[in-house]
Amino acid sequence: MIKNILVTGGAGYIGSHVIVKLHEKGYNPIIIDDFSNSDKSVLDGLKKITGKEFKLYEGDILDQNLLNQVFTEFNIDGVIHFAAKKAVGESVEKPLLYYKNNVSGLVSLLESMTKNGVTSLVFSSSCTVYGQPDKLPVTEESPKQPANSPYGNTKQIGEEIIEDLVNSNTPLTAIALRYFNPVGAHPSAEIGELPLGIPNNLVPFITQTGAGLRDHLTVYGNDYETSDGTCIRDYIHVMDLADAHVSALSCLEEQSGNSHFDVINVGTGKGNTVLEVIKSFEKVSESNLNYQIGSRRPGDIEKIYAQVDKSQKVLRWETQHSLDEALRDAWNWQKKLSNI
Ligand code: NAD
Ligand code: WQD
C-alpha cells in the first residue's frame with residue numbers, strides 16, 4: 001500500500017529534494033509549507049522532475065487547526081519535519097522568532113501527531129549541536145556543546161523534546177538526523193537552493209559569485225590548524241541527504257510500535273577545506289573564482305566531519321556522490337537561475 005508521508009517545510013531546499021526521492025520510492029508525500037523561506041516555483045520544478053502535482057497545504061505548522069485538518073484528511077503514516085528557520089545570524093538578532101517557529105512549531109506538530117495517533121517522525125537536526133568537537137570524526141556519542149546561537153539551541157532543545165516525549169511512553173518512534181553541510185541540487189537543475197538575499201553559506205555564495213551576482217567571495221580566515229589554513233566541513237550532496245530520509249523512514253517502519261528515539265549523523269565522513277571547495281568549483285565550472293582571503297568569521301568552527309559508522313549500520317545507507325558532483329549540480333542550478 002502506498003504510504004502517506006507528511007513533509008513539513010517540503011517546499012524548502014532539503015524538503016523539495018526529499019519529495020523527489022519519496023516519489024521515486026513509491027511514497028505519497030503531502031506538503032505543509034508557509035513559503036516563508038521558499039518560492040512556489042519549486043512546485044513547477046517538482047512537476048517537471050516527477051510529472052506529478054503533490055498535495056500542498058499552504059500554512060503554518062503552529063496552526064493546530066491546519067495540522068488536524070491534514071491528519072484528518074489523510075491517513076498519515078509518518079512525518080518528516082523540516083519546517084524551521086535556519087539563519088544563524090538572524091537567530092541571534094531575533095531569538096524569540098526562532099524559539100517560536102522552531103521550538104513551538106515542533107511542539108505544535110508533536111501535539112497534533114499525538115492527538116491523531118501518528119507515531120513515526122524524522123526530525124532535521126544539525127551537526128551544530130556538537131560545536132567544536134574534541135575528537136574527529138565526530139560520533140553521535142560526542143557531548144553536545146553549549147549552543148552558540150539561538151538557532152543551534154532550537155536543534156538541541158528539539159532533540160530533547162522528542163526524547164522526553166518518547167521517554168514518557170507516548171507511542172512515538174523518532175530519528176533525528178544530524179545533517180552536516182548539505183550542498184548541490186537535483187541533477188536536472190529543476191530544483192535547488194534558493195537563498196533569500198545575500199547567501200550566508202559557502203556554496204551558494206560561490207555559485208552566485210561565479211554567475212557575477214557577487215563581486216568576490218571572502219574566505220573567512222586561512223590561519224586555522226588545517227592543511228591549507230582554511231576551515232574544514234563535511235559537505236554532503238543534497239540528493240544523498242534526501243536518500244538518508246527514505247532510509248530513515250524504512251527504519252521507523254521496522255521499529256513501529258516501539259517507543260524509540262535515535263540520533264544519527266548524516267555526512268560523507270570526509271572533511272574538505274574552503275579552498276578545496278573553491279578548487280572543485282573552478283574545475284567543474286572551468287572558470288576562475290574571484291576570491292580573497294579575509295579575517296575569521298566569529299563563531300566559526302575550525303573543523304568538523306562525521307563518523308558515519310552508525311548511519312551505515314542503522315540506516316543501511318551511504319553517500320554516492322562526490323564533492324565535484326555536488327558543485328557541478330549547484331553550478332548547473334545557478335546557471336539556470338541566472339540564465340547563463
Ligand atoms: P529551507 O528554509 O530551505 O526550508 C524550510 C522550509 O520550511 C521553507 O520552505 C519554509 O518556508 C518552511 N517553513 C519555515 N517555518 C515554517 C512554519 N512555521 N510553517 C510552515 N512552513 C515553514 O531550509 P532547509 O535548508 O531545507 O532546511 C530544512 C531543515 O533542515 C531545517 O529544519 C534546518 O534547520 C535543517 N538543517 C539545515 C541545514 C542546511 O545547511 N541547509 C543544516 C542542518 C539542518
Ligand atoms: C562553511 C565554511 C566558513 C561563507 C552553517 C550553520 C550551521 C549549519 C550549516 C544548519 C566555513 C566558510 C562561508 C563565505 C567562507 N546549518 N565561508 N566564506 O559554517 O558550517 O554552518 O550552515 O544547521 O548551523 O552555522 O556553513 O556554509 O556558512 O560555511 O569562507 O562567504 O565556509 O567560514 O568554514 P557552516 P557555511
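Predicted model: local features only at pLDDT ≥ 70, side-chain atom pairs only at ≥ 80, totals over all residues.
Residues are numbered from 1 along each chain as its sequence is written, chains are lettered from A and ligands numbered from 1 in the order in which they are written, and side-chain values use heavy atoms, with hydrogens and water left out.

**Helix packing**

Helices (H or I, at least four residues) and strands (E, at least two) are DSSP runs, numbered from the N terminus. Axes are lines fitted to C-alpha atoms, for helices over the stretch in contact, and angles run from 0 to 180 degrees between N-to-C directions.

Helix α1 (residues 13-24) packs with helix α2 (residues 41-50) at an angle of about 25°, the axes lying 11 Å apart. The pair is therefore roughly parallel; angles under 35 degrees count as roughly parallel, over 145 as roughly antiparallel, 65 to 115 as roughly perpendicular and the rest as oblique. The crossing of α1 and α2 is right-handed, that is, the near helix is turned clockwise from the far one by less than a right angle. On the α1 side, Ser16, Ile19, Val20 and His23 meet Val42, Leu46, Ile49 and Thr50 of α2, where contact means heavy atoms within 4.5 Å. This contact comprises 5 nonpolar, 3 polar and no charged residues. Here Ala, Val, Leu, Ile, Met, Phe, Trp, Tyr, Cys and Pro count as nonpolar, Asp, Glu, Lys and Arg as charged, and the others, Gly among them, as polar.

For helix α3 (residues 64-73) and helix α5 (residues 95-115), the axes come within 10 Å and cross at roughly 40°. These two helices are therefore oblique to each other, and their crossing is right-handed. Gln64, Leu67, Asn68 and Phe71 of α3 meet α5 residues Ser108, Leu109, Glu111, Ser112, Met113 and Lys115.

The axes of α7 and helix α11 (residues 323-337) cross at roughly 50° and come within 9 Å, which makes α7 oblique to α11. Their crossing is right-handed. In α7, Val203, Thr207, Gln208 and Gly210 meet Leu327, Ala330, Trp331 and Gln334 of α11; the contact has 4 nonpolar, 4 polar and no charged residues.

**Ligand surroundings**

Ligand 1 is surrounded by 26 residues, the closest being Asp33, Asn37, Ser38, Asn101 and Tyr151. Around ligand 2 there are 18 residues, of which Ser126, Tyr151, Thr218, Arg233 and Asp300 come nearest. A residue is near a molecule if one of its heavy atoms lies within 4 Å of it. The table lists polar contacts, pairs of N or O atoms within 3.5 Å.

| Residue atom | Ligand atom | Distance |
|---|---|---|
| Ile14, backbone N or O | ligand 1, oxygen | 2.8 Å |
| Asp34, backbone N or O | ligand 1, nitrogen | 3.2 Å |
| Phe82, backbone N or O | ligand 1, oxygen | 2.8 Å |
| Tyr151, polar side-chain atom | ligand 2, oxygen | 2.7 Å |
| Asn181, side-chain N or O | ligand 2, oxygen | 2.9 Å |
| Arg297, polar side-chain atom | ligand 2, oxygen | 2.8 Å |

**Backbone features**

Most residues other than glycine have a negative phi, and most peptide bonds are trans. The peptide bond from Leu136 to Pro137 is cis, with omega near -5°, and Pro137 lies in the loop between β5 (120-126) and α6 (150-167). Ala189, although not a glycine, has a positive phi of about 65°; Ala189 is placed in the loop between β7 (181-183) and α7 (202-210).

Methods
Polar contact = N/O pair within 3.5 Å; in protein donor to acceptor, adjacent residues only side chain to side chain.
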